[in-house]
Amino acid sequence: VGETRLLFRNIDEPGLSSIDTYKRLGGYQSLHKAFTEMDPDVLLRELEESGLRGRGGAGFSMGKKASFLPRGEMDKYLCCNADESEPGAFKDRELMQKNPHQLIEGIAIACLAADITRAFIFIRGEYALQADILDAAVAEAYDAGFLGDDILGSGHSLALVVHRGAGAYICGEETALLDALEGKRGNPRLKPPFPAVQGLYGGPTLINNVETLSNVPGIAANGAEWFKGFGTEQSPGTKVVSISGQVKRPGNYEVELGVPVRMLIEELAGGIAEDRELKCFFPGGSSSPILTAEEGLDKPYSFEAMAEAGSMLGSGSIIVCDETTSIVELALRTARFYHHESCGKCSPCREGTNWTVKMLERVLLAEATPIDLDLITAVQANITGNCLCVLGDSMAAPVSAMVAKFRPEFEEAIERATLKAAA
Amino acid sequence: MARQIRNAVTLVVDGREVVAPEGSMLVDAAKGGDVEIPVFCYEPKLGEPVGACRMCLVEIEGIPKLQTACSTPVRDGMVVYTQSERAREAQNAVVEFLLVNHPLDCPVCDKGGECPLQDIAMGWGPGKSRMRDPKRHFRKPLELSPLIAIDRERCILCYRCVRFSQEVAEDEQLQLLERGDRSFVGTFEERPYVAPFHGNIIELCPVGALTSYTYRFRARPWDIEDAGTVCTLCPSQCNIKVTVRDEHVMRVLARDNAEVDDGWLCDKGRFGYQMIAAEDRITEPMARAGDGSLKAIAWEEALARIAKGLEAAGAESAVIAGGGATNEEGWLLQEIFRGALGSPHLACSPSSPDPGLLRRLSSPRLAAKTAHIDFADAILLVGCDPLNESPILDLRIRKAMRRNGARLLVAGERPTTLDGGAEQACRYKPGDATAFLSALAAELGADGFEAGGPHAEPAASAAATLKGAGDAVIVWGERLWRTPGAVEALAAIADALGLDASHGAGMLEVPESANGRGLREVGLLPGAGPGLAEAPAGRDAAGIRAGLAGDEIQAALLFDANPVRDYPQSADWAAALKSAGFLVSVSMFDDESAKFADIVLPLESYAEKEGVVTHPDGRLQRVRRGIEVPDGIRPGWRWLLDLSAALGNELEPDSQPQVWDAVADSVELYNAISLEDIGGTGLRWQDHQLAAAFEEGAGAAPGGGGGGGAPPRRGGGRPPRLRGGLRRNPPAMRPSA
């Protein structure tokens, strides 16, 4: 009820991860159509017109990104970003674990459209099970002739490699992913040049999220108009939403973009655990500014509506916090994550995350004054927009939102801790 | 890759109109408008900008986010604000962030007083601290290498040292370990960082995190002075500054000269200065007593004994100069030996170049500038191991390959450190250089060379590369002269490739001693006088050795030369020097050769000397005095003038600049170039307006060979400053024996 299952159509089918089951349920027909009937330029136009937006967090048009790649003979690459490491996000994990062939089919079709012959799936090291499943699925796809040389006699070839990361959040940042894939320390690169111009090994590179690429077979089979029939005008299609936190039924739910947030939390996820009140929620993973119930519960869940509400849809991961949640501890926990994962390359992020953690710790240790709350806010402002990549902003945005929206709670915590220390 | 010509664009920085080459980085362009944008990680010598420190954030009209000026290429019509409220806020923020974990121990830090972090914190920082949390701690200082201490608490993680190790020296030993604010610079398993250029990271460090054990705690910036000079420990002749405190050299720093050294130094040059104040240095004239010990004697006595000894030998005397002997010293030596003593036996290296061929190869059109290596399409490195013979060239060749895609071919008897990155590395047996080069010349279609032989295959492949590339630069070692026919074949290769026709192509010979090229050009060769003019034939180094051993040479003078250590057949040299009738050594130490000398004269170090040396690419460079000459040491030009006079050849000059003027007048190639022309960064004689004249006369013997009096000056330029009565007896007129 309330779900619109496109990517999750057969998700609960036993054995879906094997090529036989996937094919029996209609899998690889899109690939067949694309490689034998479709002109790659038409395919690319369909992807562009579908309005499919990147599902990894930034929400940039996937087709447009693919069209940025230069044409002509050269080494071009596709990197599937499967480094799903944002706290609260676990949708790609299920998509890869249960339906790996949908992803492989999407990669193959995207490579055909963008004239790419080498592709990688960069999967986070902790997803060992999913990587094993992908390895097996890739081998099956090679055997079936859906990967490799001259696919289905089209003249187009594709090599696909599954690469396991070593477990760093930063490697989900697209340029850090490229460095890590090249065997270097996973540090973000300066942009420009953008990966579409100069990416992996210096070649033009298309980088897309698992869910984005999993959408490609559907669009290739049914066309852009069909896809636009789902979702909102600016956010077409469906979205697999990871709902976690204090809800009764946490999990992944695929819905049309634009459904009310309330429906996601209260109906699909079954409402707040033990029927407590909702205090706030992260609409798009731990890097999105939190929204209170009043601010967000009755908004449509779409890229544009979440941005309007002062947050973002991001990777589509809702983390629900009920009335018992301490915002101070939530802020500290969020800051600690980004402090731990900051790569250290640029100064504002490296020092800003570390300083913020120390200040928030002081709030809990009775060593802070309300002036420190202003300092925390000022430091977040100094981080925002001044970093090499978005990791610093990913801490600054939620932490500054928490201090702004729940300042009395921080002040209370300072007072409480001070009294406790005095006693 | 050919150098790209870039158009000029106009932009406005802080309200000032600035014209800069298109594509240059904003931070550099702004300097043209006298606007300084602070940087830490940006250092163009290290290659592409990384934009890591975020210090250079500025506001650009039309771009919503602040941009890093270090990585933003300028465009026409760009309007930039480096001091707007937003830009100031961001700059304050970055300084504040950098100081979050910096210990601020400036009073006890060696960098204090000359520290970019201090300067930028004062200029662009918020001025007060809001940080009251504990800072991170590391064990410190730690020994990063036997020469460098690392203080990780002071490190601001700008990446410069790591980039140097990985992208310039390519030793790849330095790494950034751990993550976030726990990051630190280190090596794998904390092994010592041992590499031939690692001292450069001390200078790159914008804080006091990397300090040298040789300088640490020995001086403060307010009680030192820097003196610019040239390092003459090898032919690279890197431009340096010596840091002086109380007339002592405390350290050596690079004095960036993109045409010479790219702003890098090798560790030998950087740390070798300690020999200047060595306890066993010879600081006064000494005479060898019967028991082999040295006894100090007065200068006058020493010079009188030398004059007597040499005069007795007359034309049966010989001189070998080397090392950092200046052009003035070399010229005076040939005045004494050729002029006063009538001896044609002069040498400045173990090799024996053929004067005619040398003149041909000295053609300015065939010469490659050092900087031409940067943009060469192909580099042929033959008979030379840059890392050991001219280290800084090793870095330059790596840069050409890494940044501009130059194709490298290496050929030699021994492996070099560049073999790994070379497209092709050919190895030939010792003594087989001629065979290899002849095969290559044949493959390139040179007349008179036959294809085939054992080297046919590698030669064919090398020839294909060279023919397919645009501008080729041949870097070759002087030691090729030791193999008869090798340099002839090399010259044929240069002709076949038409190296004289293209501006970016050419040849660069790496001499065996620091001023090898200059000493030759001032006439320290048998058969070639000043300016490579024809002169009576004489013995080369090997001939001198044989003459000493066979009693045909009665007296010899070694000037900054140590053949027992540096020349082939060390034992024979020792025996020859031992049997010398009269031997003088001018040396800083009682070294392997000096120990056979009857008289040992003290030698100035490069930090004490005044003089001119010639870089392998023809660049005249000034060695300048940085510290006082220790008591008891006289400048070489001074006592050489006295010695010449004592031998009856009284010369007019009476100061170092006057000696140089005499050299520049006498050496045709130097076209009366003045010390002012040479200046602080040097001047290639080929770039002088009169050099083209040498080209025209290249086929014939240049200079007044065999003729009488002064050679005719070529037209144009300044009138010659040849003084009447410069010398009593024009040396070329004297019979050789």
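Where in chain B does B:Gln569 lie? B:Gln569 sits in the loop between helix H17 (563-566) and helix H18 (570-578) of chain B. Helices here are DSSP runs of H or I with at least four residues, strands are runs of E with at least two, and both are numbered from the N terminus.

Quick housekeeping before I go on. This is a predicted model, where local features need pLDDT of at least 70 and side-chain atom pairs count only at pLDDT 80 or more, while totals for chains, interfaces and linings use all residues. Residues are numbered from 1 along each chain as its sequence is written, chains are lettered from A and ligands numbered from 1 in the order in which they are written, and side-chain values use heavy atoms, with hydrogens and water left out.

B:Gln569 has a positive phi of about 60°, although it is not a glycine. B:Gln569 is partly exposed, with a relative accessible area of 49%. For those words, buried is under 20% relative accessible area, exposed is over 50%, and partly exposed is in between, using a 1.4 Å probe and protein chains only.

Now another residue of chain B, B:Asn671. This one isn't a glycine either, and its phi is positive, about 45°. B:Asn671 is in the loop between helix H20 (656-666) and helix H21 (675-678) of chain B. Is B:Asn671 buried or exposed? B:Asn671 is buried, at a relative accessible area of 8%.

Let's move to some strands. Strands of a sheet pair through backbone hydrogen bonds, either parallel or antiparallel. We say two strands pair if DSSP finds at least two bridges between them. Take strand E27 of chain B, residues 619-623: five of its five residues are buried. B:Arg619, B:Gln621 and B:Val623 point one way, while B:Leu620 and B:Arg622 point the other way.

E27(B) has strand E26 (residues 611-614) of chain B joined to it by four bridges, and the two run antiparallel. Look for B:Val613, whose bridge partner in E27(B) is B:Gln621. This hairpin has four residues between the strands, and B:Gly618 takes a positive phi near 95° there. E27(B) is also joined to strand E28 (residues 683-684) of chain B, antiparallel, by two bridges. In E28(B), B:Arg684 stands opposite B:Arg619.

There's an open sheet in chain B too, with three antiparallel strands in the order E6-E7-E10. Its edge strands, each pairing on one side only, are E6 (142-143) and E10 (210-212). B:Pro141 lies in the loop between helix H3 (116-124) and E6 of chain B, and a cis peptide bond joins B:Lys140 to B:Pro141, with omega about -15°.

Last stop: where the chains meet. Counting contact as heavy atoms within 4.5 Å, 38 residues come from chain B and 35 residues from chain A. How many salt bridges are there between chain B and chain A? The count is three, a salt bridge being a side-chain nitrogen of Lys or Arg within 4 Å of a carboxyl oxygen of Asp or Glu. One of the salt bridges links B:Arg132 with A:Asp372, their closest N and O atoms being 3.2 Å apart. On the side of chain B that touches chain A, helix H2 (85-100) and strand E8 (174-177) of chain B are the elements giving two or more residues. H2(B) gives the most, with eight residues. That's my tour, thanks!
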